[in-house]
Amino acid sequence: MTWQPAPGEVLQIRWPIEFATGVSRLVEGRRSFRGTDRRDIEAELQADEAWPARPEFAVLDASEQREQRAVNGMLRWVPAVVGAIVNLGGPSGVGGGREPRGPRESQDPENEVEDFPVMWAERGALARNVPWELDPGRVPRRAGVALLATDLAVTDRSVYVVGYGPKSPDEAEVLWSTPRSTITHAEVMSYSGAHPDLRLTFTDGSWIRLNAKATSQAKLLVNAVNGASRVITEADLTDGQRAQVTETAKRFKVDAGLPRVFTRLPSGLVQAELWRSSHRTGQSVSVCMTDDGSPAAPHPDDM
């Protein structure tokens, strides 16, 4: 991809991301933006941050809940198309229709069942600086297709949101960035739809809730933001791991001219991402390895 972080920064992961969407019956398919007193800050975002307008948040009434059920029933028959671009970005994977979630499953019912804020922030808070382009409800569309996609890119120093046309990930531009030190914690939020959400909490207590539309990538993004995983060089691999990479590259006809990404996961396993030349999108092949190079399944805390 053309976009690269600043010189001296090491890219850890890049993956499509957007604001999350509610899945309980009251808030299914919706999202809100709240101040710390739970007031709606929609008008403030438009006035202070020049965000485009969108309909004011309201929970679904009984009739709207039935309509949403019908829509989801049809969506569940639509095949899911899963993107295969990992770490260096690209067109996003697409999840299937959402199933409604029962309120007892939530560990945070105020923010997941009765309401669904994807931003919790007062004026001047760090979370207020994230770009409006993360909101799929604001992104312009043509014939039902979004004209802009967003990725979260994490380096060893910073966190970025980059935006691009859905067919032009190589023309990405930075929409927002912040030092990783401004984020105190990233966590996976399991009360979600087809794939888990993730929440980024900033040093001032403000937070945002995102969805990566891929189960393993949500955990990889969280690990990268928290510093639990890190990119290493090929020189850091053991002889056994290098042999496994060579064998995998030969088996899957990997393009030797494309970048290879090696990540030390929280468990100590190393994940290698190799890129194939047979796909214009740069489809990746992934293998997790032990110290001796043997393939291994990632641990639950890895992804």
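Is Lys253 buried or exposed? Lys253 counts as exposed, because its relative accessibility is 66% and the cut-off for exposed is over 50%. This residue lies in the loop between helix 5 and strand 14. Lys253 is not a glycine, yet its phi is positive, about 55°. Most residues other than glycine have a negative phi.

Ala143 sits in the loop between strand 5 (141-142) and strand 6 (145-146). With a relative accessible area of 80%, Ala143 is exposed.

Now a word on confidence. The model is predicted. The protein averages a pLDDT of 85, and 83% of the residues score at least 70. Residues 71-98 have a pLDDT below 50. In the model this stretch has 68 contacts beyond near neighbours in sequence. Where pLDDT is low, the predicted coordinates should not be read in detail.

Next, the interior. In soluble globular proteins, nonpolar side chains tend to be buried together. Here the largest nonpolar core has 42 residues. Phe19, Met119, Leu198 and Leu221 have the most contacts inside this core. Which elements give two or more residues to it? They are strand 1 (11-16), strand 4 (117-120), strand 7 (149-155), strand 8 (158-164), strand 10 (183-189), strand 11 (197-202), strand 12 (207-211) and helix 4 (215-226). Helix 4 gives the largest share, six residues.

Leaving out residues up to four places away in sequence, Leu198 touches Ile17, Glu187, Val188, Met189, Ile208, Arg209, Leu210, Ala212, Ala218, Leu221 and Val222. A second, separate core has 11 residues, among them Leu237, Val270, Ala272 and Leu274.

Follow the chain past helix 4. Ser229 is found in the loop between helix 4 and strand 13. Ser229 counts as buried, because its relative accessibility is 8% and the cut-off for buried is under 20%. Which residues does Ser229 touch, not counting those up to four places away in sequence? Its contacts are Gln12, Leu220, Asn223, Ala224, Thr263, Arg264, Leu265 and Pro266.

Take the pairings in turn. Strand 13 and strand 14 run antiparallel and are joined by three bridges. Ile232 stands opposite Phe262 in strand 14. Strand 14 (residues 261-264) also pairs with strand 15 (residues 270-275), in the antiparallel sense, over four bridges. Here Phe262 stands opposite Ala272, and Thr263 has Gln271 as its bridge partner. Ala272 is also one of the residues in the second core.

Strand 14 and strand 15 form a hairpin, with five residues between them. In the turn, Gly268 has a positive phi of about 100°.

Notes
Residues are numbered from 1 along each chain as its sequence is written. Side-chain values use heavy atoms; hydrogens and water are left out. A nonpolar core is a set of buried Ala, Val, Leu, Ile, Met, Phe, Trp, Tyr and Cys residues joined through side-chain atoms within 4.5 Å. Buried means under 20% relative accessible area, exposed over 50%, partly exposed in between (1.4 Å probe, protein chains only). Contact means heavy atoms within 4.5 Å. Two strands pair if DSSP finds at least two bridges between them. pLDDT is the predictor's confidence in each residue, from 0 to 100.
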